[in-house]
Amino acid sequence: MRRDVVTQVIVEYPDRYENFATRLEAERFINANLDEEEPKAAWLEDMSGKKKYDYRLVEEGGEIHLED
């Protein structure tokens with residue numbers, strides 16, 4: 001697989017970063033841990049660390065969703 005097309009979702013918390021393979025995986029983690037802390041930001045980047053674009057953190061019905 002070409003490394004230049006592999007991407008990961010990065011979620012920034014006040015004291016750390018978490019990375020995920022997919023947006024759905026990131027959303028599940030965020031919502032499972034909302035009672036502990038909320039993320040500050042999220043974005044998609046390629047494996048060389050270049051940011052592709054930012055996600056908007058949208059709260060709907062007590063859950064946070066990542067939108068393009």
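Colleague: Leaving aside neighbours within four places in sequence, which residues is Ile-64 in contact with?
Modeller: In this predicted model, Ile-64 has its place in strand β5. Leaving aside its neighbours within four places in sequence, its contacts are Glu-27, Ile-30, Asn-31, Leu-34, Glu-38, Pro-39, Leu-57, Val-58 and Glu-59.

Colleague: Is Ile-64 buried or exposed?
Modeller: Buried means under 20% relative accessible area. Ile-64 has a relative accessible area of 5%, so Ile-64 is buried.

Colleague: Which element gives the largest share of the largest nonpolar core?
Modeller: That core has 11 residues, among them Val-9, Val-11, Tyr-13, Ile-30, Leu-44 and Ile-64. The elements giving two or more residues to this core are β1 (7–13), α1 (23–32), β3 (41–46) and β5 (63–67). The largest share, 3 residues, comes from β1.

Colleague: Which are the edge strands of the sheet?
Modeller: The open sheet has 5 strands in the order β2-β1-β3-β4-β5, with antiparallel pairing. An edge strand pairs on one side only, and this holds for β2 (16–20) and β5. The edge strands are β2 and β5.

Colleague: What is the bridge partner of Leu-44 in β4?
Modeller: Strand β4 covers residues 51–60 and pairs with β3 in the antiparallel sense over 4 bridges. In β4, the partner of Leu-44 is Tyr-53.

Colleague: At about what angle does α1 run to β5?
Modeller: The helix α1 lies across β1, β2, β4 and β5. Its angle to β5 is about 155°.

Key
Residues numbered from 1 in each chain as written. Predicted model: local features only at pLDDT ≥ 70, side-chain atom pairs only at ≥ 80, totals over all residues. Heavy atoms only, no water. Core = buried A, V, L, I, M, F, W, Y, C linked by side-chain atoms within 4.5 Å. Buried < 20%, exposed > 50% of the residue type's maximum accessible area, 1.4 Å probe, protein only. Contact = heavy atoms within 4.5 Å. Pairing = 2+ DSSP bridges. Axes fitted to C-alpha atoms, helices over the stretch in contact; angles between N-to-C directions.
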